[in-house]
Amino acid sequence: MKIETFFLNMIKMIAIQGAEGSNHHKVARDFYGNDIKLKECLSFDVLVDSLMDKTSSQAIMAIENTIAGSIIPNYALIDKNNLHICGERYLNIHHHLMALPNQKIGDIKEVCSHPMALLQCKEFFKEYPHIKLVEDVDTAEVAKRIAKKQLKGVGAIAPKIAAEIFGLEVVEDEIQTIKDNATRFVIIQTEKPNNGIDEINKASLKFQLDHKRGSLAAILNVLSDCKMNLTKIQSLPIIETPWKYAFFVDVTFGSYEDYKKAKAIVEIMALDFKVLGEYKNAKL
């Protein structure tokens with residue numbers, strides 16, 4: 001195989017957490033289109049490993065949810081492995097109950113899904129006490145198993161894309177308790193991305209501060225003075241140093257020059273300053 005062909009093939013290998021038909025798969029399809037190769041990973045650790053060993057060239061990683069909040073271990077994975085955020089996507093989360101065709105909800109005796117999906121649909125299942133709820137590793141993986149083994153009487157909670165892929169039928173639509181539920185996903189890679197300045201209006205930063213009164217307030221004032229819009233701040237314990245924290249912040253901006261100025265000042269004021277990513281804001 002020629003080097004050029006190998007490189008092009010690698011570009012299309014995208015790692016996702018979960019199986020084909022999952023929300024991660026939907027984001028990958030929205031971001032890249034349908035002409036991609038998927039590397040299915042049953043955990044975020046495996047997903048990162050696939051980047052580090054070059055099995056995949058980029059990966060989709062959920063980072064926060066409007067109900068569950070920040071997925072804190074994923075911040076640590078990005079930081080520890082020196083990964084770069086090159087883009088983001090927001091996805092409205094919809095949960096659908098699906099099963100093999102020609103079944104009604106009265107025929108469903110057991111529903112398997114990810115614990116978070118079960119939790120977000122708890123109120124719906126109170127109306128159907130005959131259904132046993134079983135925790136599983138992934139939403140789409142259950143749908144795939146039902147189709148492969150032709151499991152009658154078993155349902156899955158998954159996105160509609162899973163029903164389309166595996167030939168299942170949606171028994172009940174939109175069964176989540178809270179209808180306005182969204183997840184933010186980041187696109188990550190090992191190399192620093194070549195995003196053009198004209199494409200960049202958001203950045204993810206990480207830094208530490210001395211344990212002094214007003215140190216965080218001083219940084220926030222700098223960001224404000226430089227016209228940065230702080231859209232996210234998350235603290236994470238530094239394992240090696242008890243009671244000391246790293247801060248992860250997202251900022252959006254209208255002028256790259258304003259951001260460049262803010263970055264230069266924060267780098268002087270803070271400790272262990274790191275740019276995790278500079279990319280286009282997907283939520284405008």
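Trainee: In which strand is Asn65 found?

Mentor: Asn65 belongs to strand 3, residues 58-65. Helices (H or I, at least four residues) and strands (E, at least two) are DSSP runs, numbered from the N terminus. This is a predicted model, where local features need pLDDT of at least 70 and side-chain atom pairs count only at pLDDT 80 or more, while totals for chains, interfaces and linings use all residues. Residues are numbered from 1 along each chain as its sequence is written, and side-chain values use heavy atoms, leaving out hydrogens and water.

Trainee: Is Asn65 buried or exposed?

Mentor: Buried means under 20% relative accessible area, exposed over 50%, and partly exposed in between (1.4 Å probe, protein chains only). Asn65 counts as buried because its relative accessibility is 13%.

Trainee: Which residues does Asn65 touch?

Mentor: Contact means heavy atoms within 4.5 Å. Leaving out residues up to four places away in sequence, Asn65 touches Ile93, Gln120, Asn181, Ala182 and Thr183.

Trainee: How do I read the order of strands in the open sheet?

Mentor: Two strands pair if DSSP finds at least two bridges between them. Here five strands form an open sheet in the order 8-7-9-6-10, with mixed pairing. Strand 8 (132-135) and strand 10 (169-172) are at the edges with a single partner strand each, so one side of each has no neighbour in the sheet. From one strand to the next, the twist averages 35°; axes are lines fitted to C-alpha atoms, for helices over the stretch in contact, and angles run from 0 to 180 degrees between N-to-C directions.

Trainee: How many bridges join strand 6 to strand 10?

Mentor: Three bridges do, and strand 6 (residues 96-99) runs antiparallel to strand 10. Leu97 has Glu172 of strand 10 as its bridge partner.

Trainee: Which strands does helix 7 lie across?

Mentor: Helix 7 (residues 139-149) lies across strand 6, strand 7 (110-113) and strand 9 (154-158), at about 145° to strand 9.

Trainee: Which residues have the most contacts inside the largest nonpolar core?

Mentor: A nonpolar core is a set of buried Ala, Val, Leu, Ile, Met, Phe, Trp, Tyr and Cys residues joined through side-chain atoms within 4.5 Å. The largest one has 34 residues, and Leu47, Ile60, Met61, Ile78, Ile85, Val186 and Ile188 have the most contacts inside it. Strand 3 supplies the largest share of this core, five residues. Another core, of 20 residues, lies apart from it and includes Ala203, Leu209, Cys226 and Phe247.
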